[in-house]
Amino acid sequence: SDCQWDGEFLLNCSFTGISTIPEDISQTAITADFSYNNIKTLLCTDGRNEKWMLKHLNLSNNLISELSLTTCRNLLVLETLNLNGNAIHTLTLDIPTPAHGSKKYGKVDRLLPALKVLSVERNNLDTVPRGLGLLQSLQTVHMSSNGIQQIDLNDFQNCSQLKDIDLQNNKITKIHPDAFRDLNKLQVVVDLRENALTTPLPQILLSLNFFQLEVDLSNNAW
């Protein structure tokens, strides 16, 4: 391929026309840029490059429509994942529950234990991906310009480290009053601009700490 490798930490495969992620990624790579290609899926398997040292993975502006991160056991130090500008309608984070008595899954490791930033802007999501709480280091989640229609009670359950949520330019009409209640570290912004909210949200706003938080609700239907 036409990928450029600096011999140490940076792999740049953007604008190379590839349709799959090369199998020979160096285990020392810290940043990998696969943006603006024809990649349709990210396959993480336990037997491939046993443990990647990747901290920053850019898959923006590809052709990904469905993505499961539940098999990514080899991205133990990944901190940022950029999936902007794909066609993702299904993003699977929650780990299947094994059948009663089954030992198939055994002891489940934390999913992407170091991931701090997940960006899924300009995709086709109609709901918040289930299982965000499994990303126990997650601090920033950007989901602007999707088709998300409502925020449910459990969408951000167990996201105890979240500081920044961007939901602008979706189709949100309903937000559960307690959807953000337990996010005690929110401090940057809850961005709900350009949605379809028709009624003010006093209960939600009262549950948030205004001394450290910016909430943007402009350009809604009210």
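**Links and core contacts in the predicted model**

Arg-181 counts as partly exposed, with a relative accessibility of 42% (buried means under 20% relative accessible area, exposed over 50% and partly exposed in between, using a 1.4 Å probe and protein chains only). The model is predicted, so local features need pLDDT of at least 70 and side-chain atom pairs count only at pLDDT 80 or more, while totals for chains, interfaces and linings use all residues. Residues are numbered from 1 along each chain as its sequence is written, and side-chain values use heavy atoms, with hydrogens and water left out.

Arg-181 has a partner in Asp-178: the two form a salt bridge, with their closest N and O atoms 2.6 Å apart (a salt bridge is a side-chain nitrogen of Lys or Arg within 4 Å of a carboxyl oxygen of Asp or Glu). Asp-178 is partly exposed too, at 28%. The structure holds 3 salt bridges. Another of them joins the side chains of Asp-94 and Arg-130, at 2.9 Å from N to O. Asp-94 sits in the loop between strand E7 (90–92) and strand E8 (117–119), and Arg-130 in the loop between E8 and E9, so this pair ties together parts that are 36 residues apart in sequence (strands, labelled E, are DSSP runs of at least two residues, numbered from the N terminus). Arg-130 is exposed at 60%, whereas Asp-94 is partly exposed at 23%. Then there is Glu-121, which pairs with Arg-122 at 3.9 Å between the closest N and O atoms. Here Glu-121 is buried, with 14% relative accessible area, and Arg-122 is partly exposed at 41%.

On the cysteine side, the count comes to 1 disulfide (a pair of cysteine sulfur atoms within 2.5 Å). Cys-3 and Cys-13 make this link, with their sulfur atoms 2.1 Å apart. The link is right-handed, with 120 degrees about the S-S bond. Cys-13 is buried at 0%, while Cys-3 is partly exposed at 21%.

Next come the rings, which form 2 aromatic pairs (ring centres of Phe, Tyr and Trp, the last by its six-membered ring, lie within 6.5 Å; planes under 30 degrees apart count as stacked, over 60 as edge-to-face and the rest as tilted). Phe-15 and Tyr-36 are stacked, at 4.5 Å centre to centre and 5 degrees between the planes. Phe-15 belongs to the loop between E2 and E3, and Tyr-36 to the loop between E3 and strand E4 (56–58), so 21 residues in sequence separate the parts they tie together. Phe-15 is exposed at 62%, and Tyr-36 is partly exposed at 43%. Phe-156 and Phe-180 form a tilted pair, with 5.7 Å between centres and 35 degrees between planes. Both of these residues are buried.

Phe-156 and Phe-180 turn up again in the largest nonpolar core, among the residues with the most contacts inside it. This core has 54 residues (a nonpolar core is a set of buried Ala, Val, Leu, Ile, Met, Phe, Trp, Tyr and Cys residues joined through side-chain atoms within 4.5 Å). Ile-151 is also on that list. Leaving aside neighbours within four places in sequence, Ile-151 is in contact with residues including Phe-156, Phe-180, Val-128 and Leu-167 (contact means heavy atoms within 4.5 Å).

Definitions and conventions
Helix = DSSP H or I, 4+ residues; strand = E, 2+ residues; numbered from the N terminus.
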